[in-house]
Amino acid sequence: MPPPKKIDLLPEQLREWLREELTLRGFGDILDVTEALNFRLEEEGLELSIGKSAVGDFSKALKDQREAFAFADAMLSDLDIEAEGDLHRTLMQMIATSAIQMMRHVRDEDGHLDPKDLMSLGRMLKDLMSSAGIREKLLDSERERIRRDAIEEAQREAEERADATIETLRRDQPGLSVDTLTTMKRGFLGLKS
């Protein structure tokens with residue numbers, strides 16, 4: 001098993017500082033960031049020294065991760081599944097990160113993409129899009145059911161009010177026939193009975 005990277009040996013608060021510092025400097029200025037990091041390590045009494053290549057690799061990984069997240073966000077907005085929830089967003093970010101890492105590996109190693117990896121990535125995207133479509137259909141179906149229930153409830157309430165009003169008219173206006181009252185209910189109020 002290979003030894004851990006020196007960056008991984010950093011305390012969490014220093015690793016977080018390094019992330020923020022690299023981001024603020026646009027993932028560049030590696031020499032100054034490395035010097036500042038080593039000064040902080042010395043200041044905290046840690047016997048650890050980080051080289052500029054380790055900081056550079058860490059910076060590149062952070063930049064690649066940011067690009068992967070930007071790619072995922074672009075895909076989400078292009079595919080209009082932004083409202084699909086955090087799970088789909090996280091999955092898209094994971095897949096985009098995998099794609100970026102795969103491409104970076106190919107670029108760094110001057111190699112080729114393995115067709116199996118490419119097919120697997122495509123299948124993951126297809127499955128995710130399919131589940132997003134199914135979820136959207138379920139949401140549409142649920143919205144339609146809620147809309148129908150609200151309409152039915154409003155009709156029931158209107159019927160009850162109309163029946164109460166007709167009962168009052170029947171008491172107060174004894175000359176009105178049941179047919180006249182039913183016609184009024186249908187014609188004026190737009191109700192079925």
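A pocket is here an open set of grid points at which a 1.4 Å probe fits, with protein on both sides within 12 Å along at least five of seven lines. The legends below concern a predicted model.

**Figure 1. Largest pocket of the predicted model.** The volume of the largest pocket is about 490 Å³. Its lining comprises 20 residues, and those closest to the pocket centre are Lys5, Asp57, Phe58, Ala61 and Leu62. By residue class, the lining of the largest pocket contains ten charged, seven nonpolar and three polar residues.

**Figure 2. Helices around the largest pocket.** At least two lining residues of the largest pocket come from each of helix 1 (12-24), helix 3 (52-78) and helix 4 (86-109). Helix 3 makes the largest contribution to this lining, with nine residues.

**Figure 3. Largest nonpolar core.** Fifteen residues form the largest nonpolar core, and Leu10, Leu18, Leu22, Leu37, Ile50 and Val55 have the most contacts inside it. Helix 1, helix 2 (30-43) and helix 3 each provide at least two residues of this core. The largest share, four residues, belongs to helix 1.

**Figure 4. Surroundings of Val55.** Val55 is among the residues with the most contacts inside the largest nonpolar core. When neighbours within four places in sequence are set aside, the contacts of Val55 are Ile7, Leu18, Leu22, Ile30, Val33, Thr34, Leu37 and Ile50. Of these partners, Leu18, Leu22, Leu37 and Ile50 are also listed with Val55 among the core residues that have the most contacts.

Figure 5. Glu67 is located in helix 3. The relative accessibility of Glu67 is 37%, and the residue therefore counts as partly exposed, a class that lies between the limits of 20% for buried and 50% for exposed residues. Glu67 and Ala96 are separated by 29 residues in sequence, and their C-alpha atoms are 8.8 Å apart in space.

**Figure 6. The whole chain as context for the close-up views.** The protein chain contains six helices and zero strands, in the order α-α-α-α-α-α from the N terminus on. Of its 193 residues, 24% are buried. Where contacts join residues at least 6 apart in sequence, 55% of them link residues at least 24 apart.

Notes
Residues numbered from 1 in each chain as written. Predicted model: local features only at pLDDT ≥ 70, side-chain atom pairs only at ≥ 80, totals over all residues. Heavy atoms only, no water. 1 Å grid on protein atoms, 1.4 Å probe; cavity = no way out; pocket = protein on both sides within 12 Å on 5 of 7 lines; lining within 4 Å. Points joined across faces, edges and corners; volume = space filled by probe spheres on them. Nonpolar A, V, L, I, M, F, W, Y, C, P; charged D, E, K, R; others polar. Core = buried A, V, L, I, M, F, W, Y, C linked by side-chain atoms within 4.5 Å. Buried < 20%, exposed > 50% of the residue type's maximum accessible area, 1.4 Å probe, protein only. Contact = heavy atoms within 4.5 Å.
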